[in-house]
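I opened my notebook to look up a few things in this structure. Here is what I wrote down, in case you are new to it too.

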Amino acid sequence: MLEIQGIKKSFGGVEAIKGSNFIIEKNKITALIGPNGAGKTTLFDIIAGFTRPDEGRVLYEGEDITDKEPHIIANLGISRTFQQVRLFKNLTIGDHLSMVENNGDMNLIKNIFRKKKVKRVKQETYEQVLEDFGIKQTLETHINDLSFGQRKLLQIAMALQKPHKLLMLDEPVAGVNKVIQTEIENLLLKLKEKNETILLIDHDIELVHRLADHVIALDAGIVICEGAPNEVLKNPKVLEAYLGE
Amino acid sequence: MLSAYLIHIAIIIVIYAILAVSLNVAVGYTGLLNLGHIAFFGIGAYASAILTKNDVPYTLALCASGIMASLFGWLLAKITAKLKGDYLALATLGFGFVVYAVMLNWTKLTRGPLGIPGIQKPNIFGWQITGAGSYLIFASVIALFIVLIIYRIVHSRYGKLLEAVRDDAIGAQALGKNIYHLKVQSMMISAFFAGIAGSLYAHYISYIDPSTFFLSDIIIIFTIVIVGGLASLRGSIIAAIIIIALPELLRFIDIPSSMIGPMRQMIYAVILILILMFRPRGIFGRIDLD
Ligand SMILES: Nc1ncnc2c1ncn2[C@@H]1O[C@H](COP(=O)(O)OP(=O)(O)OP(=O)(O)O)[C@@H](O)[C@H]1O
Ligand SMILES: [Mg+2]
(Lines give C-alpha, C1' and ligand atoms only; values in the text may rest on other atoms or scores of the structure.)
(Ligands and ions follow the chains in the order given, each with its own letter.)
Protein backbone atom coordinates (compact mmCIF):
# COMPACT_ATOMS: atom_id res chain seq x y z
CA MET A 1 0.00 0.00 0.00
CA LEU A 2 2.69 2.44 1.06
CA GLU A 3 6.42 2.15 0.56
CA ILE A 4 9.03 4.39 2.15
CA GLN A 5 12.34 4.30 0.27
CA GLY A 6 15.52 5.78 1.69
CA ILE A 7 13.92 8.87 3.19
CA LYS A 8 16.30 11.46 4.67
CA LYS A 9 15.39 14.79 6.20
CA SER A 10 17.37 17.38 8.13
CA PHE A 11 16.14 20.57 9.77
CA GLY A 12 19.09 22.91 9.83
CA GLY A 13 21.70 20.83 11.62
CA VAL A 14 19.27 18.28 13.04
CA GLU A 15 19.08 15.03 11.09
CA ALA A 16 15.50 14.06 11.88
CA ILE A 17 15.27 11.09 9.49
CA LYS A 18 18.44 9.26 8.48
CA GLY A 19 17.48 6.97 5.62
CA SER A 20 14.35 5.05 6.51
CA ASN A 21 12.87 2.16 4.55
CA PHE A 22 9.67 0.32 5.36
CA ILE A 23 6.40 -0.92 3.93
CA ILE A 24 2.87 -0.45 5.19
CA GLU A 25 0.66 -3.37 4.28
CA LYS A 26 -2.93 -3.20 3.22
CA ASN A 27 -5.61 -4.17 5.76
CA LYS A 28 -3.12 -4.15 8.61
CA ILE A 29 -2.55 -1.86 11.54
CA THR A 30 1.06 -0.75 11.58
CA ALA A 31 2.34 1.03 14.68
CA LEU A 32 5.21 3.48 14.52
CA ILE A 33 6.84 3.74 17.93
CA GLY A 34 9.89 5.50 19.30
CA PRO A 35 10.97 7.99 21.96
CA ASN A 36 10.29 11.74 21.74
CA GLY A 37 12.09 13.31 18.84
CA ALA A 38 12.61 9.99 17.04
CA GLY A 39 11.14 11.47 13.85
CA LYS A 40 7.70 9.82 13.82
CA THR A 41 5.72 12.98 13.13
CA THR A 42 8.29 14.09 10.57
CA LEU A 43 7.70 10.84 8.69
CA PHE A 44 3.95 11.45 8.79
CA ASP A 45 4.44 14.92 7.38
CA ILE A 46 6.64 13.57 4.61
CA ILE A 47 4.13 10.88 3.63
CA ALA A 48 1.26 13.38 3.63
CA GLY A 49 3.24 15.93 1.59
CA PHE A 50 3.58 18.62 4.26
CA THR A 51 7.35 18.21 4.46
CA ARG A 52 9.63 17.56 1.49
CA PRO A 53 12.32 14.93 2.16
CA ASP A 54 15.93 15.72 1.21
CA GLU A 55 16.30 12.27 -0.30
CA GLY A 56 14.17 9.20 -0.95
CA ARG A 57 10.74 8.43 -2.34
CA VAL A 58 7.29 7.68 -1.04
CA LEU A 59 5.26 5.23 -3.12
CA TYR A 60 1.52 4.91 -2.57
CA GLU A 61 -0.18 2.07 -4.41
CA GLY A 62 2.83 2.01 -6.72
CA GLU A 63 2.56 5.74 -7.50
CA ASP A 64 5.36 8.14 -6.57
CA ILE A 65 3.73 10.80 -4.39
CA THR A 66 6.91 12.34 -2.96
CA ASP A 67 6.54 15.71 -4.65
CA LYS A 68 2.78 16.01 -4.61
CA GLU A 69 0.91 18.76 -2.77
CA PRO A 70 -0.77 17.76 0.53
CA HIS A 71 -4.31 18.27 -0.76
CA ILE A 72 -3.62 16.03 -3.74
CA ILE A 73 -2.28 13.29 -1.49
CA ALA A 74 -5.30 13.69 0.80
CA ASN A 75 -7.60 13.30 -2.19
CA LEU A 76 -5.74 10.17 -3.28
CA GLY A 77 -7.04 8.59 -0.09
CA ILE A 78 -4.51 9.25 2.65
CA SER A 79 -6.40 10.59 5.62
CA ARG A 80 -4.51 11.83 8.64
CA THR A 81 -4.80 13.41 12.06
CA PHE A 82 -2.27 15.72 13.66
CA GLN A 83 -0.48 15.36 16.97
CA GLN A 84 -1.49 18.97 17.68
CA VAL A 85 -5.17 18.95 16.78
CA ARG A 86 -5.93 21.10 13.74
CA LEU A 87 -9.53 22.25 13.57
CA PHE A 88 -11.13 25.51 12.48
CA LYS A 89 -11.86 27.29 15.70
CA ASN A 90 -14.49 29.72 14.47
CA LEU A 91 -16.53 27.10 12.66
CA THR A 92 -19.10 24.61 13.94
CA ILE A 93 -18.94 20.83 14.17
CA GLY A 94 -21.44 20.64 11.30
CA ASP A 95 -19.20 22.80 9.09
CA HIS A 96 -16.33 20.41 9.75
CA LEU A 97 -18.26 17.27 8.93
CA SER A 98 -19.64 18.83 5.77
CA MET A 99 -16.10 19.65 4.64
CA VAL A 100 -14.84 16.08 4.79
CA GLU A 101 -17.81 14.67 2.92
CA ASN A 102 -16.64 15.67 -0.58
CA ASN A 103 -14.99 18.51 -2.45
CA GLY A 104 -18.25 19.99 -3.75
CA ASP A 105 -17.49 22.98 -1.54
CA MET A 106 -14.58 23.98 -3.80
CA ASN A 107 -16.93 25.11 -6.58
CA LEU A 108 -17.66 28.81 -6.07
CA ILE A 109 -20.37 29.28 -8.71
CA LYS A 110 -22.38 26.21 -7.71
CA ASN A 111 -22.23 27.24 -4.09
CA ILE A 112 -23.55 30.74 -4.73
CA PHE A 113 -26.73 29.33 -6.22
CA ARG A 114 -27.10 26.25 -4.05
CA LYS A 115 -29.66 26.24 -1.28
CA LYS A 116 -27.95 26.88 2.00
CA LYS A 117 -29.73 24.47 4.31
CA VAL A 118 -28.05 21.17 4.90
CA LYS A 119 -30.43 18.46 3.82
CA ARG A 120 -32.07 16.63 6.68
CA VAL A 121 -30.53 13.33 5.60
CA LYS A 122 -27.05 14.78 6.02
CA GLN A 123 -28.00 16.30 9.33
CA GLU A 124 -28.98 12.85 10.56
CA THR A 125 -25.80 11.26 9.23
CA TYR A 126 -23.70 13.88 10.99
CA GLU A 127 -25.60 13.46 14.24
CA GLN A 128 -25.02 9.73 13.97
CA VAL A 129 -21.27 10.38 13.64
CA LEU A 130 -21.32 12.44 16.83
CA GLU A 131 -23.17 9.68 18.62
CA ASP A 132 -20.81 6.97 17.34
CA PHE A 133 -17.85 8.94 18.58
CA GLY A 134 -19.42 9.85 21.88
CA ILE A 135 -19.23 13.59 21.24
CA LYS A 136 -22.11 14.95 23.27
CA GLN A 137 -22.58 18.23 21.41
CA THR A 138 -24.88 19.59 18.73
CA LEU A 139 -23.82 20.21 15.14
CA GLU A 140 -24.05 23.96 15.78
CA THR A 141 -21.44 23.93 18.55
CA HIS A 142 -18.33 25.94 17.79
CA ILE A 143 -14.93 24.30 18.07
CA ASN A 144 -13.95 26.91 20.65
CA ASP A 145 -16.57 25.43 22.97
CA LEU A 146 -15.27 21.85 22.78
CA SER A 147 -13.06 20.18 25.36
CA PHE A 148 -9.62 18.96 24.34
CA GLY A 149 -10.84 15.37 24.31
CA GLN A 150 -13.84 16.24 22.15
CA ARG A 151 -11.59 18.00 19.66
CA LYS A 152 -9.39 14.97 19.48
CA LEU A 153 -12.43 12.75 18.92
CA LEU A 154 -13.79 15.05 16.24
CA GLN A 155 -10.48 15.07 14.42
CA ILE A 156 -10.41 11.27 14.35
CA ALA A 157 -14.06 11.19 13.28
CA MET A 158 -13.26 13.54 10.39
CA ALA A 159 -10.26 11.54 9.25
CA LEU A 160 -12.48 8.47 9.22
CA GLN A 161 -15.44 10.13 7.52
CA LYS A 162 -13.23 11.42 4.76
CA PRO A 163 -13.14 8.90 1.92
CA HIS A 164 -9.78 7.14 2.36
CA LYS A 165 -7.75 4.01 1.85
CA LEU A 166 -5.05 4.67 4.42
CA LEU A 167 -5.63 6.22 7.81
CA MET A 168 -2.71 7.82 9.66
CA LEU A 169 -3.21 8.68 13.33
CA ASP A 170 -0.59 10.68 15.22
CA GLU A 171 -0.94 9.85 18.93
CA PRO A 172 -4.74 9.54 18.96
CA VAL A 173 -4.99 8.84 22.69
CA ALA A 174 -2.31 11.20 24.00
CA GLY A 175 -3.48 13.76 26.52
CA VAL A 176 -7.07 12.57 26.87
CA ASN A 177 -8.67 11.09 29.97
CA LYS A 178 -9.11 7.36 30.61
CA VAL A 179 -12.75 7.32 29.49
CA ILE A 180 -12.08 8.85 26.10
CA GLN A 181 -8.93 6.77 25.79
CA THR A 182 -10.96 3.57 26.15
CA GLU A 183 -13.52 4.95 23.74
CA ILE A 184 -10.87 5.61 21.10
CA GLU A 185 -9.29 2.23 21.66
CA ASN A 186 -12.62 0.44 21.19
CA LEU A 187 -13.11 2.39 18.04
CA LEU A 188 -9.73 1.34 16.72
CA LEU A 189 -10.47 -2.27 17.58
CA LYS A 190 -13.66 -2.01 15.53
CA LEU A 191 -11.64 -0.60 12.64
CA LYS A 192 -9.24 -3.49 12.98
CA GLU A 193 -12.13 -5.90 12.56
CA LYS A 194 -13.16 -4.02 9.46
CA ASN A 195 -9.67 -4.51 8.02
CA GLU A 196 -8.88 -0.81 7.75
CA THR A 197 -5.31 0.05 6.76
CA ILE A 198 -3.91 2.17 9.56
CA LEU A 199 -0.58 3.71 10.39
CA LEU A 200 -0.57 4.61 14.04
CA ILE A 201 1.87 6.54 16.19
CA ASP A 202 1.61 5.90 19.90
CA HIS A 203 3.71 5.77 23.03
CA ASP A 204 1.38 3.45 24.92
CA ILE A 205 3.09 0.05 24.59
CA GLU A 206 0.10 -1.83 25.98
CA LEU A 207 -2.20 -0.24 23.46
CA VAL A 208 0.17 -0.96 20.60
CA HIS A 209 0.31 -4.55 21.77
CA ARG A 210 -3.45 -4.90 21.67
CA LEU A 211 -3.94 -3.17 18.34
CA ALA A 212 -1.02 -3.52 16.00
CA ASP A 213 -0.33 -6.28 13.50
CA HIS A 214 3.11 -4.90 12.77
CA VAL A 215 5.39 -2.58 14.72
CA ILE A 216 8.14 -0.32 13.45
CA ALA A 217 10.48 1.08 16.09
CA LEU A 218 12.20 4.32 15.25
CA ASP A 219 15.04 5.91 17.20
CA ALA A 220 16.93 9.06 16.27
CA GLY A 221 15.69 8.89 12.70
CA ILE A 222 16.56 5.24 12.10
CA VAL A 223 14.36 2.13 12.03
CA ILE A 224 16.00 0.05 14.77
CA CYS A 225 13.68 -2.91 14.62
CA GLU A 226 10.44 -4.06 13.03
CA GLY A 227 8.17 -7.07 13.14
CA ALA A 228 5.35 -8.61 15.15
CA PRO A 229 4.40 -6.65 18.31
CA ASN A 230 5.58 -9.14 20.92
CA GLU A 231 8.98 -9.48 19.22
CA VAL A 232 9.61 -5.78 18.73
CA LEU A 233 8.36 -4.76 22.14
CA LYS A 234 10.75 -7.24 23.79
CA ASN A 235 13.72 -6.29 21.64
CA PRO A 236 16.58 -5.04 23.87
CA LYS A 237 17.39 -2.16 21.47
CA VAL A 238 13.80 -0.96 21.65
CA LEU A 239 13.69 -1.27 25.41
CA GLU A 240 16.92 0.66 25.66
CA ALA A 241 15.69 3.41 23.35
CA TYR A 242 12.54 3.77 25.44
CA LEU A 243 13.86 3.22 28.92
CA GLY A 244 17.57 3.84 28.50
CA GLU A 245 19.65 6.88 29.32
CA MET B 1 -28.50 72.56 0.19
CA LEU B 2 -28.40 70.39 3.28
CA SER B 3 -30.12 67.56 1.46
CA ALA B 4 -27.58 67.73 -1.38
CA TYR B 5 -24.87 67.46 1.23
CA LEU B 6 -26.55 64.49 2.90
CA ILE B 7 -26.96 62.74 -0.43
CA HIS B 8 -23.28 63.27 -1.11
CA ILE B 9 -22.35 61.71 2.23
CA ALA B 10 -24.74 58.84 1.59
CA ILE B 11 -23.10 58.07 -1.77
CA ILE B 12 -19.65 58.08 -0.19
CA ILE B 13 -20.94 55.76 2.53
CA VAL B 14 -22.31 53.36 -0.08
CA ILE B 15 -18.97 53.29 -1.90
CA TYR B 16 -17.00 52.72 1.30
CA ALA B 17 -19.45 50.05 2.40
CA ILE B 18 -18.68 48.15 -0.82
CA LEU B 19 -14.97 48.62 -0.20
CA ALA B 20 -15.21 47.38 3.37
CA VAL B 21 -17.46 44.42 2.61
CA SER B 22 -15.17 43.33 -0.22
CA LEU B 23 -12.04 43.79 1.90
CA ASN B 24 -13.69 41.70 4.59
CA VAL B 25 -13.89 38.75 2.19
CA ALA B 26 -10.09 38.68 1.98
CA VAL B 27 -9.14 39.84 5.47
CA GLY B 28 -12.01 38.70 7.67
CA TYR B 29 -13.15 35.53 5.98
CA THR B 30 -9.97 34.23 4.39
CA GLY B 31 -7.38 35.75 6.72
CA LEU B 32 -5.41 37.40 3.91
CA LEU B 33 -4.04 40.56 5.46
CA ASN B 34 -4.29 42.72 2.35
CA LEU B 35 -3.11 46.31 2.82
CA GLY B 36 -3.28 47.02 -0.90
CA HIS B 37 -7.06 46.93 -1.30
CA ILE B 38 -7.17 50.59 -2.23
CA ALA B 39 -5.12 49.78 -5.34
CA PHE B 40 -8.03 47.68 -6.64
CA PHE B 41 -10.31 50.66 -5.99
CA GLY B 42 -7.95 52.82 -8.04
CA ILE B 43 -7.56 50.30 -10.84
CA GLY B 44 -11.35 50.07 -11.16
CA ALA B 45 -11.71 53.85 -11.19
CA TYR B 46 -9.04 54.36 -13.83
CA ALA B 47 -10.22 51.44 -15.96
CA SER B 48 -13.76 52.75 -16.05
CA ALA B 49 -12.73 56.38 -16.64
CA ILE B 50 -10.27 55.58 -19.42
CA LEU B 51 -12.63 53.18 -21.17
CA THR B 52 -15.58 55.56 -21.20
CA LYS B 53 -13.26 58.35 -22.39
CA ASN B 54 -12.58 56.05 -25.31
CA ASP B 55 -16.27 55.66 -26.08
CA VAL B 56 -16.78 52.29 -24.46
CA PRO B 57 -20.38 52.13 -23.20
CA TYR B 58 -20.71 52.76 -19.47
CA THR B 59 -22.19 49.37 -18.56
CA LEU B 60 -19.31 47.60 -20.26
CA ALA B 61 -16.80 49.86 -18.54
CA LEU B 62 -18.42 49.11 -15.18
CA CYS B 63 -18.01 45.38 -15.70
CA ALA B 64 -14.50 45.88 -17.06
CA SER B 65 -13.49 47.82 -13.94
CA GLY B 66 -14.36 44.81 -11.81
CA ILE B 67 -12.68 42.37 -14.16
CA MET B 68 -9.55 44.50 -14.43
CA ALA B 69 -9.23 44.83 -10.65
CA SER B 70 -9.88 41.12 -10.33
CA LEU B 71 -7.04 40.31 -12.75
CA PHE B 72 -4.70 42.35 -10.58
CA GLY B 73 -6.12 40.48 -7.58
CA TRP B 74 -5.14 37.26 -9.32
CA LEU B 75 -1.66 38.64 -9.95
CA LEU B 76 -1.21 39.80 -6.35
CA ALA B 77 -2.45 36.48 -4.97
CA LYS B 78 -0.12 34.52 -7.25
CA ILE B 79 2.90 36.60 -6.29
CA THR B 80 2.17 36.34 -2.57
CA ALA B 81 0.94 32.72 -2.65
CA LYS B 82 3.50 31.44 -0.14
CA LEU B 83 3.51 34.46 2.17
CA LYS B 84 1.69 34.67 5.46
CA GLY B 85 0.81 37.24 8.09
CA ASP B 86 3.18 40.19 8.35
CA TYR B 87 5.05 39.28 5.18
CA LEU B 88 1.84 39.13 3.21
CA ALA B 89 0.81 42.49 4.65
CA LEU B 90 4.10 44.05 3.62
CA ALA B 91 3.97 42.59 0.12
CA THR B 92 0.41 43.85 -0.43
CA LEU B 93 1.44 47.27 0.84
CA GLY B 94 4.25 47.22 -1.73
CA PHE B 95 1.73 46.29 -4.40
CA GLY B 96 -0.34 49.32 -3.41
CA PHE B 97 2.72 51.53 -3.78
CA VAL B 98 3.55 50.14 -7.20
CA VAL B 99 0.03 50.68 -8.51
CA TYR B 100 0.06 54.23 -7.13
CA ALA B 101 3.42 54.92 -8.77
CA VAL B 102 2.13 53.62 -12.09
CA MET B 103 -0.94 55.85 -11.89
CA LEU B 104 1.34 58.78 -11.20
CA ASN B 105 3.98 58.06 -13.82
CA TRP B 106 2.31 56.36 -16.75
CA THR B 107 1.19 59.76 -17.95
CA LYS B 108 0.25 58.62 -21.46
CA LEU B 109 -2.47 56.46 -19.98
CA THR B 110 -3.45 58.23 -16.76
CA ARG B 111 -2.29 61.82 -17.33
CA GLY B 112 -0.32 61.39 -14.10
CA PRO B 113 -0.87 64.02 -11.40
CA LEU B 114 -3.13 66.03 -13.72
CA GLY B 115 -5.74 63.34 -13.29
CA ILE B 116 -8.68 62.60 -15.54
CA PRO B 117 -11.41 65.27 -15.53
CA GLY B 118 -14.84 65.24 -17.08
CA ILE B 119 -15.67 61.57 -16.50
CA GLN B 120 -19.15 61.06 -17.89
CA LYS B 121 -22.23 60.35 -15.81
CA PRO B 122 -23.51 56.79 -16.17
CA ASN B 123 -25.87 55.89 -18.94
CA ILE B 124 -27.42 52.51 -18.36
CA PHE B 125 -29.17 51.24 -21.46
CA GLY B 126 -30.54 54.71 -22.15
CA TRP B 127 -31.22 55.74 -18.54
CA GLN B 128 -29.04 58.81 -18.12
CA ILE B 129 -28.12 59.41 -14.49
CA THR B 130 -27.46 63.07 -13.88
CA GLY B 131 -28.64 64.14 -10.44
CA ALA B 132 -27.00 63.07 -7.18
CA GLY B 133 -30.32 61.64 -5.98
CA SER B 134 -30.58 59.18 -8.84
CA TYR B 135 -26.89 58.38 -8.48
CA LEU B 136 -27.51 57.46 -4.85
CA ILE B 137 -30.30 55.11 -5.90
CA PHE B 138 -28.13 53.61 -8.64
CA ALA B 139 -25.11 53.10 -6.35
CA SER B 140 -27.31 51.65 -3.61
CA VAL B 141 -28.85 49.11 -5.98
CA ILE B 142 -25.38 48.01 -7.09
CA ALA B 143 -24.21 47.84 -3.48
CA LEU B 144 -27.24 45.81 -2.48
CA PHE B 145 -26.55 43.39 -5.26
CA ILE B 146 -22.89 43.09 -4.25
CA VAL B 147 -23.73 42.51 -0.60
CA LEU B 148 -26.24 39.86 -1.63
CA ILE B 149 -23.68 38.00 -3.72
CA ILE B 150 -21.03 38.19 -1.03
CA TYR B 151 -23.58 37.09 1.56
CA ARG B 152 -24.38 34.03 -0.54
CA ILE B 153 -20.70 33.27 -0.94
CA VAL B 154 -19.67 33.54 2.68
CA HIS B 155 -22.66 31.61 3.97
CA SER B 156 -22.19 28.75 1.54
CA ARG B 157 -20.02 25.66 2.03
CA TYR B 158 -17.47 27.49 -0.13
CA GLY B 159 -17.46 30.37 2.35
CA LYS B 160 -16.82 27.95 5.20
CA LEU B 161 -13.76 26.75 3.30
CA LEU B 162 -12.45 30.30 3.13
CA GLU B 163 -12.85 30.48 6.90
CA ALA B 164 -11.09 27.15 7.23
CA VAL B 165 -8.12 28.57 5.31
CA ARG B 166 -8.07 31.49 7.74
CA ASP B 167 -8.33 29.36 10.88
CA ASP B 168 -5.90 26.61 9.88
CA ALA B 169 -4.66 26.37 6.31
CA ILE B 170 -2.69 23.19 6.97
CA GLY B 171 -5.75 21.53 8.45
CA ALA B 172 -7.71 22.48 5.33
CA GLN B 173 -5.04 20.97 3.10
CA ALA B 174 -5.18 17.74 5.06
CA LEU B 175 -8.87 17.55 4.15
CA GLY B 176 -7.94 17.71 0.49
CA LYS B 177 -8.74 21.38 -0.11
CA ASN B 178 -6.58 23.31 -2.55
CA ILE B 179 -5.81 26.32 -0.39
CA TYR B 180 -3.93 28.13 -3.18
CA HIS B 181 -7.03 28.14 -5.35
CA LEU B 182 -9.10 29.35 -2.46
CA LYS B 183 -6.73 32.19 -1.61
CA VAL B 184 -6.47 33.31 -5.23
CA GLN B 185 -10.22 33.18 -5.75
CA SER B 186 -10.88 35.05 -2.52
CA MET B 187 -8.49 37.81 -3.54
CA MET B 188 -10.11 37.98 -6.98
CA ILE B 189 -13.62 38.25 -5.55
CA SER B 190 -12.45 40.90 -3.11
CA ALA B 191 -10.68 42.87 -5.85
CA PHE B 192 -13.57 42.57 -8.30
CA PHE B 193 -16.01 44.39 -6.05
CA ALA B 194 -13.41 47.00 -5.02
CA GLY B 195 -12.99 47.68 -8.75
CA ILE B 196 -16.74 48.20 -9.12
CA ALA B 197 -16.59 50.62 -6.18
CA GLY B 198 -13.82 52.45 -8.04
CA SER B 199 -15.98 52.84 -11.11
CA LEU B 200 -18.90 54.08 -9.01
CA TYR B 201 -16.59 56.63 -7.42
CA ALA B 202 -15.03 57.87 -10.67
CA HIS B 203 -18.34 58.44 -12.43
CA TYR B 204 -19.79 60.15 -9.39
CA ILE B 205 -16.96 62.58 -8.64
CA SER B 206 -16.22 62.86 -12.40
CA TYR B 207 -12.56 63.65 -11.70
CA ILE B 208 -9.88 61.24 -10.48
CA ASP B 209 -6.20 61.62 -9.79
CA PRO B 210 -3.70 59.29 -8.07
CA SER B 211 -3.93 61.06 -4.70
CA THR B 212 -7.39 59.57 -4.06
CA PHE B 213 -5.85 56.12 -4.20
CA PHE B 214 -2.84 56.75 -2.04
CA LEU B 215 -2.19 54.17 0.63
CA SER B 216 -3.10 56.37 3.57
CA ASP B 217 -6.76 55.93 2.72
CA ILE B 218 -6.49 52.19 3.33
CA ILE B 219 -6.65 53.20 7.02
CA ILE B 220 -10.25 54.33 6.60
CA ILE B 221 -11.28 51.07 4.96
CA PHE B 222 -9.43 49.02 7.54
CA THR B 223 -10.94 51.01 10.40
CA ILE B 224 -14.39 50.26 8.99
CA VAL B 225 -13.65 46.53 8.75
CA ILE B 226 -12.14 46.34 12.25
CA VAL B 227 -14.82 48.47 13.89
CA GLY B 228 -17.60 46.48 12.21
CA GLY B 229 -15.88 43.23 13.02
CA LEU B 230 -13.91 40.71 11.01
CA ALA B 231 -16.10 38.32 9.07
CA SER B 232 -19.24 40.38 9.62
CA LEU B 233 -20.92 41.90 6.58
CA ARG B 234 -23.52 43.67 8.69
CA GLY B 235 -20.71 45.08 10.80
CA SER B 236 -18.88 46.47 7.77
CA ILE B 237 -22.01 48.20 6.50
CA ILE B 238 -22.96 49.76 9.82
CA ALA B 239 -19.35 50.75 10.53
CA ALA B 240 -19.13 52.38 7.10
CA ILE B 241 -22.02 54.63 8.08
CA ILE B 242 -20.49 55.49 11.46
CA ILE B 243 -16.92 55.97 10.26
CA ILE B 244 -17.80 58.11 7.26
CA ALA B 245 -20.54 60.15 8.94
CA LEU B 246 -18.84 60.80 12.29
CA PRO B 247 -16.03 63.09 11.09
CA GLU B 248 -18.61 65.06 9.11
CA LEU B 249 -19.84 66.40 12.43
CA LEU B 250 -16.58 68.39 12.51
CA ARG B 251 -18.05 70.65 9.85
CA PHE B 252 -20.66 71.84 12.28
CA ILE B 253 -18.10 72.71 14.93
CA ASP B 254 -16.35 76.02 14.71
CA ILE B 255 -12.83 74.97 13.72
CA PRO B 256 -10.62 76.20 10.89
CA SER B 257 -11.22 74.22 7.71
CA SER B 258 -7.51 73.47 7.42
CA MET B 259 -7.84 71.47 10.64
CA ILE B 260 -10.61 69.21 9.37
CA GLY B 261 -8.33 66.87 7.40
CA PRO B 262 -5.87 66.15 10.24
CA MET B 263 -8.71 65.98 12.77
CA ARG B 264 -10.44 63.40 10.62
CA GLN B 265 -7.30 61.22 10.57
CA MET B 266 -7.01 61.60 14.32
CA ILE B 267 -10.59 60.53 14.86
CA TYR B 268 -9.98 57.37 12.84
CA ALA B 269 -6.87 56.62 14.83
CA VAL B 270 -8.65 57.17 18.15
CA ILE B 271 -11.61 55.00 17.12
CA LEU B 272 -9.29 52.26 15.97
CA ILE B 273 -7.32 52.30 19.23
CA LEU B 274 -10.46 52.38 21.38
CA ILE B 275 -11.97 49.45 19.51
CA LEU B 276 -8.79 47.42 19.69
CA MET B 277 -8.55 48.10 23.42
CA PHE B 278 -12.11 47.59 24.51
CA ARG B 279 -13.82 45.55 21.86
CA PRO B 280 -11.20 43.83 19.72
CA ARG B 281 -13.80 41.78 17.88
CA GLY B 282 -15.51 44.94 16.66
CA ILE B 283 -19.22 45.70 16.94
CA PHE B 284 -20.51 42.54 15.29
CA GLY B 285 -17.33 40.47 15.11
CA ARG B 286 -17.61 36.85 16.10
CA ILE B 287 -14.21 35.48 15.26
CA ASP B 288 -10.95 35.20 17.15
CA LEU B 289 -7.62 35.37 15.42
CA ASP B 290 -4.34 34.16 16.87
N1 LIG C 1 9.86 22.01 11.49
C2 LIG C 1 10.96 21.63 12.17
N3 LIG C 1 12.02 22.45 12.29
C4 LIG C 1 13.12 22.06 12.98
N5 LIG C 1 13.24 20.89 13.59
C6 LIG C 1 12.22 20.02 13.53
C7 LIG C 1 11.03 20.35 12.82
N8 LIG C 1 10.18 19.29 12.91
C9 LIG C 1 10.83 18.37 13.65
N10 LIG C 1 12.04 18.79 14.01
C11 LIG C 1 13.03 18.01 14.78
O12 LIG C 1 13.11 16.73 14.21
C13 LIG C 1 13.21 15.74 15.22
C14 LIG C 1 12.06 14.74 15.08
O15 LIG C 1 10.85 15.39 15.46
P16 LIG C 1 9.44 14.67 15.36
O17 LIG C 1 8.41 15.66 15.70
O18 LIG C 1 9.32 13.98 14.07
O19 LIG C 1 9.57 13.59 16.53
P20 LIG C 1 8.47 12.60 17.10
O21 LIG C 1 9.03 11.25 16.96
O22 LIG C 1 7.16 12.85 16.49
O23 LIG C 1 8.45 12.99 18.63
P24 LIG C 1 7.24 13.08 19.69
O25 LIG C 1 7.05 11.72 20.22
O26 LIG C 1 7.74 14.01 20.74
O27 LIG C 1 6.06 13.61 18.98
C28 LIG C 1 13.22 16.48 16.54
O29 LIG C 1 14.55 16.64 16.93
C30 LIG C 1 12.60 17.82 16.22
O31 LIG C 1 13.13 18.81 17.07
MG1 LIG D 1 5.35 13.48 17.11
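What span should the 22 residues of helix 3 of chain B have at 1.5 Å a residue, and how far apart are its end C-alpha atoms? I noted that helix 3 (residues 58-79) should span 32 Å, and its end C-alpha atoms are 31 Å apart, which agrees. The expected span is 1.5 Å times one less than the number of residues.

Ground rules next. This is a predicted model, where local features need pLDDT of at least 70, side-chain atom pairs count only at pLDDT 80 or more, and totals for chains, interfaces and linings use all residues. Residues are numbered from 1 along each chain as its sequence is written, chains are lettered from A and ligands numbered from 1 in the order written, and side-chain values use heavy atoms, without hydrogens and water.

Back to helix 3 of chain B: I looked up its buried residues (under 20% relative accessible area, 1.4 Å probe, protein chains only). Among them are Tyr58(B), Leu62(B), Gly66(B) and Leu76(B). The buried residues of this helix pack against helix 2, helix 4, strand 1, helix 6 and helix 8 of chain B, with contact meaning heavy atoms within 4.5 Å.

Then I turned to ligand 1. I found 14 residues around ligand 1, Gly37(A) and Gln83(A) being among the closest; a residue counts if one of its heavy atoms lies within 4 Å. An oxygen atom of ligand 1 is 2.8 Å from a side-chain N or O atom of Lys40(A). For the side chain of Thr41(A), the distance from an N or O atom to a ligand 1 oxygen is 2.7 Å. Helix 1 of chain A gives the most to the shell, with three residues.

How values were computed
Helix = DSSP H or I, 4+ residues; strand = E, 2+ residues; numbered from the N terminus. Buried < 20%, exposed > 50% of the residue type's maximum accessible area, 1.4 Å probe, protein only. Polar contact = N/O pair within 3.5 Å; in protein donor to acceptor, adjacent residues only side chain to side chain.
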